[in-house]
Amino acid sequence: MTAESQLLGRRIFGADAASYASARPHYPESLYAALAAEGALVPGADVFEIGPGTGQASRRLLAANINSLTLVEPDPVLAAALAELRGGVRIVNAPLEEAGLPAAAFDLGVAATSFHWVDASRGLGIVHALLRPGGVWAMWWTVLHDPEHDLFSRAVLPLLKDAVPPPSLRGPGQRHYSLWTDDRLAELCAAGFMHAGHQMHEMTVRMTAAEMRALYATFSMIRRMEPQMRARVLAGIEAVGEQGFGGMIERCFRIPLFIARKAPGAA
């Protein structure tokens, strides 16, 4: 990932935080149940979250009666908005690499649809150091644009041919970062984690063509377009939903979840 991409990811979403919060679907309960089953999301846990954005996952983590939640959010607008959260919340307005969090202070670390903005070779080492021995790291993504498996994503792909792909999409087929499962597991092992595993969660949603337009408007590759091009592309996406899908689109979003543990005896 280029330095330019990292800087972009730290600023681009806060420009319209309200739309981001309303357009993005919530994560399924099965995901949080998986974290609880690992003994990670439990009452009294000290948790950190990387790139919480508008706090969608953060609110659900707090609902588990954890002891503390440290939010590492580089976007100053989003970080300011997170100040409304209560219940042992600490907000650090900095990238992970500059956050200065204490070592071995957390039972659980998470990143929800955000870790593709971090240099994994460095970032996972930092994450490993932040966890207590036996602590758990979990990262997951909702794959919102998936031309490989999803008909709507495939239908709008021609409209995005001139877009600059974000670090979450790879290759001409725009395959999502989280779907390169072997690569993600190898990175976790290289960072010193043990028992690195992968689960695939799913959720089915029904969205109108206008709601689909609003969802795509939150994508970084569309947000960085010039205003006229952005308006044209979003109008085209809504038209695909109206004309090709009858105005109501049913999609099955996939949510890859990666869970790994720091060895009990690790420093």
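Helices here are DSSP runs of H or I with at least four residues, numbered from the N terminus. The model is predicted.

**View 1. A81 in helix α5.** A81 sits in helix α5, which spans residues 76-81. A81 is partly exposed, at 43% relative accessibility. Buried would require under 20%, and exposed over 50%. G55 is 26 residues away from A81 in sequence. In space, the two C-alpha atoms are 8.8 Å apart.

**View 2. A seven-stranded open sheet.** Seven strands make up an open sheet. Their order is β3-β2-β1-β4-β5-β9-β8. The pairing in this sheet is mixed. Strands β3 and β8 are the edge strands, each pairing on one side only. On average, neighbouring strands are turned by 20 degrees against each other, direction ignored.

View 3. Strands of a sheet pair through backbone hydrogen bonds, either parallel or antiparallel. Strand β1 covers residues 46-50, and strand β2 covers residues 68-72. The two strands pair in the parallel sense, over five bridges. V47 has L69 in β2 as its bridge partner. Helix α6 packs on the sheet and touches β1, β4 and β5. The direction of α6 makes about 135 degrees with that of β5.

**View 4. H128 and its surroundings.** H128 belongs to helix α6, residues 120-130. The residue is buried, with a relative accessible area of 13%. A polar atom of the H128 side chain lies 3.3 Å from the backbone oxygen of G192. Neighbours within four places in sequence are left aside in the contact list. H128 then contacts A191, G192, F193, K262 and A266.

**View 5. The salt bridge between R254 and D146.** The structure holds twelve salt bridges. One of them joins R254 to D146. The closest N and O atoms of this pair are 3.1 Å apart. R254 is in strand β9, residues 248-261. D146 is in the loop between β5 (131-140) and α7 (151-156). The pair links distant parts of the chain, 108 residues apart. Both partners are buried: R254 has a relative accessible area of 16%, and D146 has one of 6%.

**View 6. The salt bridge between E148 and R175.** The side chains of E148 and R175 meet in a salt bridge, at 3.2 Å from N to O. E148 lies in the loop between β5 and α7. R175 lies in strand β7, residues 175-176. The pair links parts of the chain 27 residues apart. Are these residues buried or partly exposed? E148 is partly exposed, at 40% relative accessibility. R175 is partly exposed too, with a relative accessible area of 28%.

View 7. Helix α9 runs over residues 209-216. Its buried residues are A209, M212, L215 and Y216. These residues cover an arc of only 115 degrees around the axis, so they lie on the same side of α9. R213, also in helix α9, is partly exposed, with a relative accessible area of 27%. R213 forms a salt bridge with E238, and the closest N and O atoms are 3.1 Å apart. E238 is in helix α11, residues 227-245.

**View 8. A salt-bridge network.** Salt bridges that share partners join D46, D107 and R132 into one network.

View 9. Phi of A104 is near 50 degrees, a positive value in a residue other than glycine. A104 is placed in the loop between β3 (89-92) and β4 (106-112). A104 counts as partly exposed, at 35% relative accessibility. H195 has phi near 55 degrees, again a positive value in a residue other than glycine. H195 is in strand β8, residues 194-208. At 61% relative accessibility, H195 counts as exposed.

Key. Residues are numbered from 1 along each chain as its sequence is written. This is a predicted model: local features need pLDDT of at least 70, side-chain atom pairs count only at pLDDT 80 or more; totals for chains, interfaces and linings use all residues. Side-chain values use heavy atoms; hydrogens and water are left out. Buried means under 20% relative accessible area, exposed over 50%, partly exposed in between (1.4 Å probe, protein chains only). The arc is that of the directions from the helix axis to the C-beta atoms. A salt bridge is a side-chain nitrogen of Lys or Arg within 4 Å of a carboxyl oxygen of Asp or Glu. A polar contact is a pair of N or O atoms within 3.5 Å; within protein, one must be able to donate a hydrogen and the other to accept it, and residues adjacent in sequence count only if both atoms are side-chain atoms. Contact means heavy atoms within 4.5 Å. Two strands pair if DSSP finds at least two bridges between them. Axes are lines fitted to C-alpha atoms, for helices over the stretch in contact, and angles run from 0 to 180 degrees between N-to-C directions.
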